[in-house]
Amino acid sequence: MNAVVGTLARTQARDALRSRWLFVYTAFFVVLSEALLRFSAGDANAVVSLATVTFTVVPLGALVLSTAYVYNAREFTELLLAQPVRRSSIYAGLYLGLALPLTAGFLAGVGVPLLARGGGDPALRGAVVTLLAVGAALTLAFTAVAFLIALSVEDRLRGLGIALGVWLLTAVAYDGIVLAAVAIFSDRPIERPLLALMFANPADLGRVLVLLQLDVAALMGYTGAVFARFFSGAFGAIAGAGGLLFWIAAPITAGTMQFRRKDF
Amino acid sequence: MTSTIAFREITKRFGRTDVLCGVDFSIASGSVMGLIGPNGAGKTTLLKLLLGLAQPTSGEILVHGERVAQHESYRARIGYMPQITRLPENLTPAELLAVIRGVRGHSPSVDHEIIERFRLGDYIDTPLKILSGGTRQRVNAALALYYRPSILVLDEPTAGLDALSSTTLKDTIRARRDEGATVLVTSHIMTELEELCDEVAFLVDGRIGYVGSIDELTERTRQSNLERAIASLMIREVA
């Protein structure tokens, strides 16, 4: 990380850490985790519920907060662009300055209640670590997607609308689309296309990775069940982690390219 | 007289709209050029092209004889004061100045002078969200002037400033000009431009309608001051 990126990331992170929205975001996960751990019938159920809610809320939080952040920071960004600095360094600094506090907020919100219980059931530690890692990866991925949206769409309301549309598609409508595809093409061999569809949605991919650790395939959606059958064991974890890394790297790369050529 | 900044046949198109059409003029070294025009004339776009925030559709911009293209090093000589800017609200002026230092990679030689000049000492550790609009604008001025740049690009610099701060800023601009700095300033306040500028460029519908001294303009339009002269030009454009 060069000095410019470090300076901007620290500055933006400081701004975020002093803001109310990050506190609310973190507090939400603390309350959610505490409530599920306290009132669920067993730690395994709590982790499953936590994963389900987390992988719906993390994309929403990252998309909405990051899209709004990019639009709000437009004038500050212009001031930075008027300095003798490469655009790619400014992009990296702004991205890390938001993505890292959001990730820290999620990790603290979910991790602290678990740590307060001594880490919970030792048999569930793999699932908990995966939950935290996937949540962090989804934060990084959807923050990058939000940056790409906000840099590509001039109109703020339209940008926020597209961000919400991406969330609805990935976190809510996706399983329905896959089920519809299965129903329509049920007489054909569709396992490979389904596999590709699963990798096309980082939220679904993350959820499957956590649930695989819990051996609760029955609780998974159809996409998850197919994923479990194809990728159970270490290979599944590696393939899934690779998929998530792709979902972090691809929008960051596209966002950097967009930032470098954009007219402000 | 040599020119520090030269716009050569600049055209800028956004979608199907031509925002700037063949803009061509130079700014002499050590002078103050006022950029005048009605809202939407393309003034801010021209400033953004000079700063590299946007790229011209055609034409070229020269700074000290070198073409402004993809490299960013020329911006080390430029101080930019945008029109009322929203900066990160939880940061303090001291932290913002530190960001600029961190981004530029070295400290200016006149660190405290600029803070005192714009009376920011009492607010230096106060978050921006608590500061008044005028004080924030003084922070913007300090950010632009921090490194004693040889080129100043100022977009409506006195908007939101009280009389004392406005006078301080104008005195500072004149002092920098006397030291050899080149200034490009936009404003809707014609008396302010009369005070500051050696020359003015009148931009209307993305085209240059006039470039030259204020005296020449008032003489040509047979008006008593800059405001009336510009109004006269605008009436001619409409007709």
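1. A:Ile190 counts as partly exposed because 16 C-beta neighbours lie inside 10 Å of it. A residue needs 20 or more such neighbours to be buried, and 12 or fewer to be exposed. The model is predicted, so please read every value here as computed from it.

2. Where does A:Ile190 sit? Look in the loop between α7 and α8 (191-199) of chain A. Set aside its neighbours within four places in sequence. A:Ile190 is then in contact with A:Val182 and A:Phe185.

3. Now take the helix pair. Helix α6 (residues 125-152) of chain A packs with helix α7 (residues 156-184) of chain A. The angle is about 145 degrees. The axes are 9 Å apart. The crossing of α6(A) past α7(A) is right-handed.

4. Which residues make this contact? From α6(A) come A:Val145, A:Ala146, A:Ile149 and A:Ala150. From α7(A) come A:Gly159, A:Ile162, A:Ala163 and A:Val166. By class, the contact of α6(A) with α7(A) has seven nonpolar residues and one polar residue. It has no charged residues.

5. Last, the two chains. Here 21 residues of chain A are in contact with 26 residues of chain B. On the side of chain A that touches chain B, the elements giving two or more residues are α1 (3-17) and α4 (74-81) of chain A. The residues of that side divide into ten nonpolar, four polar and seven charged.

Methods
Residues are numbered from 1 along each chain as its sequence is written. Chains are lettered from A and ligands numbered from 1 in the order in which they are written. This is a predicted model: local features need pLDDT of at least 70, side-chain atom pairs count only at pLDDT 80 or more; totals for chains, interfaces and linings use all residues. Two residues are in contact if their C-beta atoms, placed from the backbone, lie within 7 Å. Ala, Val, Leu, Ile, Met, Phe, Trp, Tyr, Cys and Pro count as nonpolar, Asp, Glu, Lys and Arg as charged, and the others, Gly among them, as polar. Axes are lines fitted to C-alpha atoms, for helices over the stretch in contact, and angles run from 0 to 180 degrees between N-to-C directions. A crossing is left-handed if the near helix is turned anticlockwise from the far one by less than a right angle, and right-handed if clockwise.
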